[in-house]
Structure formats: C-alpha cells, structure tokens
Amino acid sequence: MSRRRRGSGAVLAVAFAWAAVASACEAAAPPQPEPVARAYASAWASGDYAAMFSALTDGSRDRYGDDATVKRVPRIAEEMTLRSLEVRTGDAVHPAGADGKSDPRHATVPLTTVFHTARVGDFSARTDLSLVLVGEKESAAWRIDWSPEALLPQLSSGRLVRMTRVPTSRGRILARDGSELATFVDASVVGVVPGQIKNEAAMLASLSPIVGLRPDEIKAKYTQSWVRPESFVPVKTIFDLSADARSKLSVIEGAQLQAQRVRSYPTGLAAQTVGYVGEANEADAAKRADRGFLAGDTIGKTGLEATLDDVLGGSVGWRLGVVESDERLVRAFAEKAPVPGQDAVLALDPAMQRAAETALGDQKGAVVVEDPWSGEVQAIASRPSFDLGAFIRQDAGVAQINADPRKPLFNRATFGRYPTGSSFKPITAAAALHQGLYHAGERVACPAVWTGYGPQWSQLNHETSDLGPIDLRTALARSCNSFFYELGKRLNDANPDLLPGEAMSFGLGKGTDIDYVFEDAGVVPSRTWKAQQFANDPAGAVWNPGDATNLAIGQGYLLATPLQMANYTAALANDGIVWRPRLVIELRDRAGATTKSFPMTEAGHAQSAPTDLSLIRDGMRAVVTDPFGTVYFPFLGFAVPTAGKSGTAETTPGAPDAWFIGFAPFDRPALAIATILEEKPGITGSQDTARISRTVLGTRFGTP
C-alpha cells in the first residue's frame with residue numbers, strides 16, 4: 001500500500017469535522033453524506049487508518065473495536081500484497097423507510113476500489129458504504145455504520161482475506177528418445193500442520209521414528225519464517241509407507257499425510273549431470289521471489305536440475321479471495337495462473353549412456369561421446385555414481401554418499417582435470433605440420449633416450465629399444481615419445497607459443513561453453529601462463545626446454561577434462577571444427593511443442609589444414625590396426641573401422657591416468673569418444689580404456 005502521508009490523519013480529521021460543520025451551518029439544507037464518504041475514501045487510499053475510522057459510528061467502534069478495524073486493515077493490505085489503491089465514490093442513495101418514503105437519516109454511498117497488488121496485479125471491487133445521520137439540527141453529522149464488507153464484498157465477520165498460492169508443476173528432463181531421466185511419481189509425504197499441534201513434545205517423539213529424523217530436525221522445518229499455522233509443512237517423502245506407519249500417523253495430532261507427486265529419476269543415468277532437487281532455504285527462495293517460490297518449495301540443487309531451474313520449475317500462481325475460517329473459498333477476486341515448468345530434452349542416447357556407466361563400473365573415470373558433426377553430447381558418464389533417489393527420500397544414503405572417499409557426487413566428465421599423456425600427441429603433430437616444421441613422410445629418430453636439448457634435458461621413450469627413424473604414422477601407432485620430443489623442440493625453438501596456441505585452437509585450456517553445464521577450464525601451459533602462475537618464484541616462472549618437450553607428449557602442467565578431450569577429438573574427425581558442445585537440444589511446453597531450440601554452434605576452428613588432419617587420422621587408424629599399435633588387441637575383430645589414440649599420463653599421486661580418444665567409423669566419423677580411468681596401476685590402463693570405448697561405440701553400431 002502507498003506510504004501514509006505525514007499529518008494526513010490531522011488533515012482528514014479536519015476534513016471530517018469541516019464536512020459536519022459545513023452541513024450544520026447550512027440551515028436551509030440538510031447535511032450531505034458524500035463529503036464524509038470522500039474523506040473516508042481518501043484516508044483509505046493514503047493508508048491513514050486512524051483517520052479512516054475516525055468517521056465510524058460509536059456502534060461500529062463498539063462492535064468491531066480497534067483490533068478488527070484500525071489494526072486489521074493493514075494486515076489485510078499486507079496479505080493482499082497491496083501496493084496502492086484508488087477509491088471512487090458515487091452519489092448517495094437514501095433507502096426507503098417504513099412509510100415507503102426515502103429515509104433522510106440513512107444513506108448508502110457506492111465505492112469502487114481499484115487494488116494494485118504485487119502478486120495478482122490490478123483488480124476492482126464495488127462495495128457500499130452505509131452512513132447514518134447522528135445528532136440533531138446544528139450538531140447533526142454523518143457517520144459511517146461500518147462493517148468489513150465495506151472493504152471487500154462478502155468479507156463478513158469470521159471470514160478472512162487470503163492470498164493463496166496455486167502450485168506449479170516441474171518439467172521433466174528427457175533423453176533424445178523420450179526416455180524420462182527426471183519425472184514425477186506418486187508418493188506419501190509426511191508433514192506437520194503447526195496450528196494443529198496440541199502437545200509438541202509428544203508429537204515430535206511419535207513422529208521421529210516414523211520419518212527417521214531427530215525431533216529437532218522436524219521442528220526446524222515448521223518453525224521457519226514463511227510457515228503459517230495452517231500450512232502443511234513437508235517433513236519426509238516416503239515411497240512405500242507401511243500400513244502400520246499410516247495407522248500411527250492417523251493418531252498423531254499435528255501430523256498429516258498427503259499424497260503428492262514427487263521427483264523421481266527412473267533410469268538413474270547421468271546422475272552428476274542431471275542432478276537432484278531439494279527444499280529451498282530462505283536464500284534460495286529470495287532468488288526465486290519473482291517466480292513466487294518460498295522456503296520449503298522444491299527447487300533444483302545440483303546439475304541440470306539447478307542450472308535449468310528457471311525453465312523446469314515454472315512459476316507459482318496466486319489467488320486472492322475471501323475464505324471461511326476453515327479456508328474454504330467464498331469468492332475469488334483475482335488470480336495469476338501458475339506457469340508450468342517446461343521439459344528439457346537432452347542429446348543423450350540412453351543406451352550408450354548406460355553402456356558407458358556399466359563398462360566403467362565402480363572404477364574412477366569418465367566417458368564422453370560427441371557427434372563430430374553437430375557437437376551433440378550423446379553420453380556423459382562419471383563413475384562411481386550415486387542414487388539420486390536418496391536425496392528425494394532424505395534417508396541414510398545421503399550421509400553415505402557425502403562421506404564416500406571416492407567422491408561419487410564429483411562430475412569427473414566436466415570437472416576432472418587430468419594430464420592427457422599421449423592422447424595429446426595429435427595436437428603436437430598438427431602444430432608441426434601447420435608450421436611447416438614437419439613434412440609428410442619425413443622420418444624422425446626414435447631413440448630410447450632423447451637428448452635433443454643436451455644431456456641435462458634427457459628424456460625417456462616408453463619403449464626401451466631404439467626404433468630408428470620413423471614416420472608420423474608409426475610414431476602415433478607406437479606412441480614414440482622421442483619423435484614428439486623432437487617435434488616439440490622444433491616448435492619451441494621457432495616460437496614457444498606455437499604449441500600452446502595450437503592446443504588452444506583445439507579448445508583446450510578454456511571452457512567449452514556448453515549450455516547449462518558447469519565445467520572446469522583445464523590448463524594449457526605457456527610462457528605467459530607460467531609467468532603468472534609462478535609470479536612469486538622468479539626461477540620457477542621461466543619457460544624452459546623441459547616445459548616444451550613435456551607439453552609435446554601431454555605432460556607437465558597440461559590438464560584437460562574428458563568433455564574437452566571429446567570435443568578436441570571431434571575436431572580431429574571433422575577437419576577442424578571445434579563445436580560448442582550441446583547437451584540440451586530443446587525445450588518443450590507440456591503439450592510437447594518446442595519453445596526453444598539450441599542450434600549447432602561453432603566455437604572456433606583448429607589452426608590445422610584438412611590435409612594435415614587427414615595424415616593424423618591415418619596415424620590414429622594405425623593405433624588400432626597396426627599389430628604394434630598401442631591398442632591393437634582391444635579392437636581386434638571390431639567390425640566398425642575405428643581410429644584412436646591411447647594415453648598413459650603420469651600423475652602426482654604416482655599411479656598413472658589412462659586415456660583413450662577416438663572416432664568411428666574411420667571413413668565417415670559419426671561418433672567421437674574420450675575415456676579416462678583415474679590412477680590406473682600397471683601398464684594396462686590404456687587397454688582398459690580402449691575396451692570400454694569399444695563397448696560404448698558398439699552400442700551405437702550394433703557390434704558386440
């Protein structure tokens with residue numbers, strides 16, 4: 001409601017008095033009721049309730065008292081979320097008396113009030129103001145014979161003005177084939193109605209074992225600031241409530257059981273990416289106030305449930321009306337309809353996603369699969385995973401998940417920062433070809449120990465014998481470190497920024513800018529990066545030959561996420577297009593109509609020419625088909641021609657990370673894949689990642 005003007009009470013009181021005096025001084029004309037009605041209307045519009053009710057009859061004041069008049073009207077205004085109002089008065093009408101003639105001592109003045117509210121907008125209502133002429137002759141004055149119905153129609157004694165929330169419904173998260181990744185199912189919600197509690201201690205003691213929460217945890221839910229006495233406050237969602245529990249609940253005063261639709265995750269797939277919902281706290285509700293959300297409402301807490309919350313959650317509606325004391329609606333005045341949440345459709349292929357998660361098992365790792373011609377992310381698996389339903393049930397599983405040292409909540413696919421090892425070598429080759437520092441067919445020595453920068457910078461090949469001069473195809477197939485140390489030296493000697501620049505052009509060292517998914521940017525080390533990173537250590541800030549040759553084989557300070565690696569692999573497969581990956585491909589209303597599509601978007605282009613990338617792809621094919629290729633055996637007998645690159649990356653903890661990146665089919669790439677296993681002991685890690693990748697690719701191509 002508009003702010004009360006200072007001194008308006010005194011001014012309006014004078015107005016009421018002047019209206020009475022002016023009427024009394026006109027001996028020939030009886031007093032008129034309209035001036036008093038207009039003064040009342042002005043006081044109401046200005047929020048000066050004391051002045052507004054100074055014109056009431058003594059009987060009205062005795063009948064309703066201050067609490068029901070001066071104190072109640074501002075509470076009604078607050079309930080209505082009233083910003084301001086306008087009141088117009090009409091001409092007085094004198095009702096007929098017992099003799100059939102108009103009664104000069106009674107009058108009715110019509111009021112038309114326009115209410116401007118925050119939650120339901122503007123609406124108007126017509127009421128009548130009853131007035132009585134009190135006193136005789138010179139002392140005669142009109143007074144208002146007031147009742148609550150002068151404020152709103154049908155607001156009789158015992159009835160309430162209520163702004164009622166009209167709930168919305170949350171949208172679903174769907175896979176590309178229509179499978180529901182997040183939806184709703186029927187469940188039993190145990191709650192508390194604070195106003196019905198008779199013995200709080202007894203209620204808490206009885207309810208606690210049924211819902212599996214401590215009494216103080218239950219009490220904290222219904223003592224929040226937003227809770228009204230008549231509110232149903234959800235305490236625990238139970239999907240399989242026993243008959244015994246139902247029987248016990250029925251006799252607990254203050255406890256209540258409601259059937260509700262609650263969030264469900266039928267497939268359990270992509271748990272870290274899909275995320276889960278939970279109750280909004282006060283801060284959460286404040287951020288969503290424009291959508292009508294309050295503390296205790298269901299909102300997205302993690303993953304897509306959180307980043308898409310504005311889309312999935314919709315907006316709460318409101319209905320303003322007069323209700324009986326038991327909340328039954330008498331009359332509605334205005335309503336803002338709820339806006340249902342929209343469905344979000346993902347590019348995920350459920351079969352491929354399930355295959356990736358199953359193949360990873362409980363090993364710490366990730367798989368990302370991308371369409372190299374559209375950037376669609378068709379699988380994004382992170383393991384170990386967790387049961388999304390635990391956060392809906394709020395059972396003991398939540399504590400177990402949070403305490404698990406394997407960090408199942410951590411999305412390794414988008415936040416895992418890993419050294420890439422030899423899976424980076426195609427970028428080194430691309431940079432050398434692009435800069436003319438290596439030419440197709442050229443053979444470069446592959447000794448067991450490389451000393452190109454002198455003995456002080458000597459580095460080992462992973463094979464212990466000298467392979468002699470080899471070409472790029474063989475170097476990629478056998479993953480010869482010495483070959484790539486030499487290419488790294490050539491690039492560094494020409495310009496230390498060439499190789500970091502090439503890596504950045506493939507999308508490493510920066511976020512992929514994927515919609516609605518949080519991700520890590522990774523690291524591509526360079527002279528500038530190192531100077532900034534080690535600004536307080538002058539010696540450490542210097543870019544040295546070891547930095548260049550380590551980067552050439554994907555070691556040193558280089559870090560990348562599986563999502564970045566899949567995106568870079570897609571660029572190798574498609575002649576250099578670096579996509580902005582797409583996981584969410586469209587939004588739909590509840591009728592199934594598309595409301596927004598997310599088109600293919602190029603984020604950039606690798607610096608390499610298509611002819612150079614063709615040479616690199618040929619070498620990646622040899623990784624899989626050459627008997628000396630590093631992952632020849634995992635793909636032996638695989639019917640779909642595949643190209644790839646393995647990687648064994650040294651890590652600070654000691655056990656190496658194992659990579660496989662690749663694409664298939666070789667001649668017409670349809671999928672690009674990046675697979676990692678964390679801290680894989682022994683030398684077989686890349687064989688395992690290749691087998692996982694083969695399983696996932698086989699799901700699409702129907703190959704066992």
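Helix H22, which spans residues 545-552, is mostly covered, six of its eight residues being buried, where buried denotes a relative accessible area under 20%, exposed one over 50%, and partly exposed a value in between (1.4 Å probe, protein chains only). Helices (H or I, at least four residues) and strands (E, at least two) are DSSP runs, numbered from the N terminus. The model is a predicted one, in which local features need pLDDT of at least 70 and side-chain atom pairs count only at pLDDT 80 or more, whereas totals for chains, interfaces and linings use all residues. Residues are numbered from 1 along each chain as its sequence is written, and side-chain values use heavy atoms, with hydrogens and water left out.

The buried residues of H22 are Gly546, Asp547, Ala548, Thr549, Leu551 and Ala552, and the elements that cover them include helix H17 (425-434), strand E17 (449-450), strand E18 (459-460), helix H19 (481-494), helix H20 (498-505) and helix H21 (527-533). At the start of H22, a side-chain oxygen of Asn544 comes to within 2.9 Å of the backbone nitrogen of Gly546, while just after the helix Gly554 adopts a positive phi of about 75 degrees.

When neighbours within four places in sequence are left aside, Gln687 is in contact (heavy atoms within 4.5 Å) with Thr630, Val631 and Pro634.

The structure holds 48 salt bridges, each defined as a side-chain nitrogen of Lys or Arg within 4 Å of a carboxyl oxygen of Asp or Glu. One of them joins Arg159 to Glu324, with the closest N and O atoms 3.3 Å apart. This pair links distant parts of the chain, 165 residues apart, since Arg159 lies in the loop between strand E4 (141-144) and strand E5 (160-166) and Glu324 in the loop between strand E12 (317-323) and strand E13 (329-336). Glu324 counts as partly exposed, at 22% relative accessibility.

In a further salt bridge, between Arg473 and Asp618, the closest N and O atoms are 3.2 Å apart; Arg473 belongs to helix H18 (residues 472-478) and Asp618 to helix H24 (residues 610-625), 145 residues apart. Arg473 is partly exposed, with a relative accessible area of 33%, and Asp618 is likewise partly exposed, at 31%. Elsewhere, salt bridges that share partners join Arg170, Arg263, Arg288, Arg291, Glu305, Asp309 and Asp310 into one network. Within this network, Arg288 and Asp309 form a salt bridge whose closest N and O atoms are 2.7 Å apart.

Key: Polar contact = N/O pair within 3.5 Å; in protein donor to acceptor, adjacent residues only side chain to side chain.
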